[in-house]
Amino acid sequence: MIIIDESLLIGEGAERHCYVHPKDSGLCIKITKKDIKGRLEQSIVEHDYFYKLKKRNIKLSHLPKCYGWIDTNMGDGLVYERVFSYKNKNVSLTLKEAFRRKLVDINETNHLLNELYDFISKNNITISDLSMSNLVIKLDGKRKLYLVDGVGGRNFDYKYKIRNILPIPFYSKVKLKQQQREINKWLNIEARNL
């Protein structure tokens, strides 16, 4: 069993906390919040979806690797590769943070987003939350965005199962377009405020 404490907390979503793996800082562990009663569902969906991507031989060029389940003192956790913005620094900046710190301008941001959108579209990746807080930017070498959360869906229900039995590109493309509009709206507001 891996022992986790609050000093290892690096992020938080609606249903899960994300912790640095105490034995390997290059990994992180997503654990369902205690007040979310019996809701491992998002992690179950992600684990299943990453397995399906592997079976489809999808290169995870814009997604972190998923290593599977681990037993922790806070419950079952899902282990992922941790994406760093810089090679020699233990820092993971979201696109929102990098843009606000002027580490990327609007043109580069649009270019990086278009690369990510192309990856999602070409590989028929289902996304449930393409928000700015789920996009981590790699700043060393070739700059790139990683979608670190919100992949596969939210619920392990019949819709999820149908989308994966019959991976219909239409659904993932419609979802991508909806979320692109939200990101573009945010980006335009942010650019005006700089």
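Predicted model: local features only at pLDDT ≥ 70, side-chain atom pairs only at ≥ 80, totals over all residues.
**View 1. Glu 46 and Lys 30 meet through their side chains in a salt bridge.** The distance from N to O in this pair is 3.5 Å. Because Glu 46 belongs to helix 1 while Lys 30 belongs to strand 3 (residues 24-32), the contact ties together parts that are 16 residues apart in sequence. Glu 46 has a relative accessible area of 2%, which is under the 20% that marks a residue as buried, so Glu 46 counts as buried. Side chains of opposite charge can pair when their charged atoms come close.

**View 2. Glu 46 also forms a salt bridge with the side chain of Arg 16.** Here the distance from N to O is 2.7 Å. Glu 46 sits in helix 1 (residues 41-55) and Arg 16 in strand 2 (residues 16-21), so this pair links parts of the chain that lie 30 residues apart in sequence. Both partners, Glu 46 and Arg 16, are buried.

**View 3. A salt bridge joins the side chains of Glu 108 and Arg 143.** The distance from N to O is 3.0 Å. Since Glu 108 is part of helix 3 (residues 106-122) and Arg 143 is in the loop between strand 6 (135-138) and strand 7 (144-147), the pair ties together parts that are 35 residues apart in sequence. Glu 108 is partly exposed, at 25% relative accessibility, and Arg 143 is likewise partly exposed, with a relative accessible area of 25%.

**View 4. Arg 16, Lys 30, Glu 46 and Asp 149 belong to one network of salt bridges.** The bridges that make up this network share partners, and in this way the four named residues are joined. The structure as a whole holds 8 salt bridges, including the one between Glu 46 and Arg 16.

**View 5. Strand 6 and strand 7 run antiparallel and are joined by 4 bridges.** Val 136 has Tyr 146, in strand 7, as its bridge partner. The hairpin that these two strands form has 5 residues between the strands, and in this hairpin Gly 141 takes a positive phi near 65°.

**View 6. Strand 7 is covered on both of its faces.** In a regular strand the side chains alternate between the two faces of the sheet. On one side of strand 7 are Lys 144 and Tyr 146, on the other are Leu 145 and Leu 147, and all of these residues are buried.

Conventions: Residues numbered from 1 in each chain as written. Heavy atoms only, no water. Buried < 20%, exposed > 50% of the residue type's maximum accessible area, 1.4 Å probe, protein only. Pairing = 2+ DSSP bridges.
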